[in-house]
Amino acid sequence: MSRKKRPAPPQRHDLIVRWKNYFGAGDLEDWQRLCQDLGLSGNFGSKTKCRTALKSINVNIWDFLDAVEVGNIPQMFLTKKELVEYTSKTGRIFPRDEAKDMGPVAALLKILR
């Protein structure tokens, strides 16, 4: 019985550079732009409010960057389970060890279990 191979994961470095280019310095305006690009509505007057809103979002970070670079709305998943299945299948995984120093990435990351 042969095992199906996962697609090759995107280059880690490329993903990190793309995120840093998108997110910028991490000012409140950067956080607000992220919330807007994710289609969130509301008054996000602080980074804390943005971070709280992001915790409920199920989006693949690689796909998010692809979408905003061409002016599209990123695909959102209704549940964490759907996101985990998609991410595992595609291999488009953001390196968790890089997330702690990268602003809202930590709030968007889901544990793939």
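This is a predicted model: local features need pLDDT of at least 70, side-chain atom pairs count only at pLDDT 80 or more; totals for chains, interfaces and linings use all residues.
Trp19 is buried, and Tyr22 is buried as well. Both residues sit in helix α1, 3 residues apart, about one turn of the helix.

A second pair joins two helices. Phe23 and Trp31 form an edge-to-face pair, 5.6 Å centre to centre, with 80 degrees between the planes. Phe23 is buried, and Trp31 is too. Phe23 is one of the buried residues of α1, whereas Trp31 is one of those of α2.

The table sets the two pairs side by side.

| Pair | Centre to centre | Angle between planes | Geometry |
|---|---|---|---|
| Phe23 and Trp31 | 5.6 Å | 80 degrees | edge-to-face |

The count of aromatic pairs comes to 6. Ring pairs link Trp19, Tyr22, Phe23, Trp31 and Phe64 into a cluster.

**Helix α1**

Helix α1 covers residues 12–23, which makes 12 residues. From its first C-alpha to its last it reaches 17 Å, close to the 16 Å expected at 1.5 Å a residue. Its buried residues are Leu15, Ile16, Arg18, Trp19, Tyr22 and Phe23. Seen down the axis of α1, the buried residues fall within an arc of 160 degrees, so they line one face of the helix. His13, Lys20 and Asn21 are exposed on the other side of α1.

What covers the buried face? The cover for the buried residues of α1 includes α2 (28–37), α4 (61–69), α6 (96–99) and α7 (105–108). After α1 comes Gly24, with a positive phi near 75 degrees.

**Helix α2**

In α2, the buried residues are Asp30, Trp31, Leu34 and Cys35. They cover an arc of only 140 degrees around the axis, which puts them on the same side of α2. The face turned away from this buried side carries exposed Glu29 and Gln36. Cover for the buried residues of α2 includes α1, α3 (47–54), α4 and α7. Just after α2, Gly39 takes a positive phi of about 80 degrees.

**Two further buried residues**

Ala53 is found in helix α3. Is Ala53 buried or exposed? Ala53 is buried, because its relative accessible area is 17%, and buried means under 20%. Leaving aside neighbours within four places in sequence, Ala53 is in contact with Leu40 and Phe44. Ala53 and Leu40 are 13 residues apart in sequence and 8.0 Å apart in space, C-alpha to C-alpha.

Lys110 has its place in the segment after α7. Which side of the cut-off does this lysine fall on? Lys110 has 15% relative accessibility, so it counts as buried. Not counting residues up to four places away in sequence, Lys110 touches Leu54, Lys55, Ile57, Asn58, Lys80, Leu83 and Arg96.

**The chain as a whole**

The chain holds 7 helices and 0 strands. Along the sequence, the pattern reads α-α-α-α-α-α-α. Of the 113 residues in the chain, buried residues make up 38%. Among contacts with a separation of 6 or more, 55% are between residues 24 or more positions apart. The accessible surface comes to about 7,400 Å². Carbon and sulfur atoms account for 51% of that surface.

Among the elements of the chain, α2 has the highest mean pLDDT, at 94. The lowest mean, 74, belongs to α6. That lowest-scoring element, α6, is among the helices that cover the buried residues of α1.

Definitions and conventions. Residues are numbered from 1 along each chain as its sequence is written. Side-chain values use heavy atoms; hydrogens and water are left out. Helices (H or I, at least four residues) and strands (E, at least two) are DSSP runs, numbered from the N terminus. The expected span of a helix is 1.5 Å times one less than its number of residues. Buried means under 20% relative accessible area, exposed over 50%, partly exposed in between (1.4 Å probe, protein chains only). The arc is that of the directions from the helix axis to the C-beta atoms. Contact means heavy atoms within 4.5 Å. pLDDT is the predictor's confidence in each residue, from 0 to 100. Accessible areas come from the Shrake-Rupley method with a 1.4 Å probe; for residues, only the protein chains shown count as cover. Rings of Phe, Tyr and Trp (its six-membered ring) pair if their centres lie within 6.5 Å; planes under 30 degrees apart count as stacked, over 60 as edge-to-face and the rest as tilted.
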